[in-house]
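Student: I would like to learn how to read a structural model feature by feature. Could you take me through one, giving the general idea before each case?

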Amino acid sequence: MKLWGGRFTKETNQLVHRFNSSISFDQRFYKQDIEGSIAHVTMLAEQKILTQEEKRDIITGLQGILQDLNSGCLTIDETSEDIHSFIEAVLIERIGETGKKLHTGRSRNDQVALDMKLYTRDEIIELNHLLRELLEQIHTLMKENTTTILPGFTHLQKAQPVTLAHHLGAYFEMFVRDRGRLSDIYERMNFCPLGSGALAGTTYPLNRNRSAQLLQFTGATKNSMDSVSDRDYLIELLSALSTIMMHLSRFCEELILWNSNEYRFIELDDSYSTGSSIMPQKKNPDIAELIRGKTGRVYAALVSLLTTMKGLPLAYNKDMQEDKELTFDAIDTVKGCLSLFTGMLSTLEFKKDIMEKSAKNGFTNATDAADYLVNHGIPFRDAHAIIGRLVLLCIDKGCSLEELSLSDYQNLSPVFQEDIYKAISLTSCVEKRNTLGGTGIDAITEELACNEEYLSKKNACEQFNCIGGIEE
């Protein structure tokens, strides 16, 4: 059934129908379409636009359709133009003429805008949950590795020793910000477009705030033209999803490096690795590589929607139908990547002895040797030069700073005493860095306490309670 056939005298060309149709992808929000219709009908009856009997018949019919779709008793007709026309056609078939009143005071423009918001809102809640699970896993690993030492890097070169807890804590902060972005989007988008009509509102005495209340929106949107043409929240979501993928990709890149024979910092679990068809020794980090690769796919969705929207005049244009497949695919991709990454992270093994050995062999304690001189009255710039010459000496001898003799030290500065070895031990280097956000045990303990407090609280997404139907 077409919702617009009265003005036309010819059948739609089948190529045009298939090109125009959205049923192949918008069928995924049939639940949201029915949920929105139940709220709409409830409001219409309260405004005496429909009778109580008509409301009951329509709602009963819609609930039956929902139940049958959920159970598989009813199959979506792929020849329908979209999910809205399919559900309305089935409703009319089941309850008769009363079903034709479902669309009173409503356009497909505000209907699809509502459905997409409801669907997106539900998906943001799920994404938020997956991020929380990842944060909990990172937090667990941090608690287990407050004294695990590895080299910290800049420019992909060994820089200073840090704890694994501190290194993982950087990613904890990234994903906290990601959840914050989702929460911001949720709050900003949570206004109901239902009742905006095609673009100019409607002559029916609708109570748009009541519709918004029934669907647990903060309120109704303010401008009907903006209501049906707004895709900002999807652009914001795709931007947030792109940032999540960027963070996952960075983390994956490090795990890929750490898993290599050159690093050997970690051992990936067999259940999250694959082998080679020709090289029997291989154990490849394919999951991490695929997550890294799929980042570009999510970026592409963001750029595509931005490009689609950039030249559109008000109000609704059919171009906007392109938002759905892009958004659906990006959401599915990120959800899958988050689940897989959390599982991979929970099963990998850290090679703590190799990590610490790597930190010892990379002059990561050179800054602390310079600080030793500063603490004995040597200006930092002079101390920097002295330690630089000591590093050159180590390179010539093929040893570490810890392996130099005290005479080697005193040949460059008489300030050095036996306590230099304690000052440049990796444990000392790490434990001394207790400024806020540092890698020292006191700083990490404080960071873990902050994480615990954060994880104990609910954000805007978690405070939402699914209504599971409209109260009459």
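Student: Where is the place of Arg132?

Tutor: This is a predicted model, in which local features need pLDDT of at least 70 and side-chain atom pairs count only at pLDDT 80 or more, while totals for chains, interfaces and linings use all residues. Residues are numbered from 1 along each chain as its sequence is written, and side-chain values use heavy atoms, with hydrogens and water left out. Arg132 has its place in helix α6, where helices (H or I, at least four residues) and strands (E, at least two) are DSSP runs numbered from the N terminus.

Student: Is Arg132 buried or exposed, and which residues does Arg132 touch?

Tutor: Buried means under 20% relative accessible area, exposed over 50%, and partly exposed in between, with a 1.4 Å probe and protein chains only. Arg132 counts as buried because its relative accessibility is 16%. Not counting residues up to four places away in sequence, Arg132 touches Arg179, Leu455, Ser456, Lys457 and Glu462, contact being defined as heavy atoms within 4.5 Å. Glu133, also in helix α6, counts as partly exposed at 34% relative accessibility, and its C-alpha atom is separated by 9.9 Å from that of Leu455, 322 residues apart along the chain.

Student: How do α6 and α19 cross?

Tutor: Two packed helices are described by the angle between their axes and the distance between the axes. Axes are lines fitted to C-alpha atoms, for helices over the stretch in contact, and angles run from 0 to 180 degrees between N-to-C directions. Here the axes of α6 (residues 108–144) and α19 (residues 441–456) come within 11 Å and cross at roughly 155 degrees. The two helices are therefore roughly antiparallel to each other, the class for angles over 145 degrees. Among the α6 residues that meet α19 are Arg132, Leu135 and His139, and the α19 side includes Glu447, Asn451 and Leu455. By class, this contact of α6 with α19 has five nonpolar, three polar and five charged residues; Ala, Val, Leu, Ile, Met, Phe, Trp, Tyr, Cys and Pro count as nonpolar, Asp, Glu, Lys and Arg as charged, and the others, Gly among them, as polar.

Student: How many residues has the largest nonpolar core?

Tutor: A nonpolar core is a set of buried Ala, Val, Leu, Ile, Met, Phe, Trp, Tyr and Cys residues joined through side-chain atoms within 4.5 Å. The largest has 96 residues, and those with the most contacts inside it are Ile138, Leu241, Leu248, Trp258 and Phe341. Helix α10 (residues 232–259) gives the most to this core, with 15 residues. Leaving aside its neighbours within four places in sequence, Phe341 is in contact with Leu134, Leu248, Phe251, Cys252, Leu255 and Ile291. A second, separate core of 20 residues includes Ile378, Cys399, Leu404 and Phe416.

Student: Which residues does a cis peptide bond join, and which residue has a positive phi of about 55 degrees?

Tutor: Most residues other than glycine have a negative phi, and most peptide bonds are trans. A cis peptide bond, with omega about 0 degrees, joins Leu314 and Ala315, and Ala315 lies in the loop between α11 (286–309) and α12. Arg264 is the residue with a positive phi of about 55 degrees, although it is not a glycine, and its place is in the loop between α10 and β5 (266–267).

Terms used:
Parallel < 35°, antiparallel > 145°, perpendicular 65-115°, else oblique.
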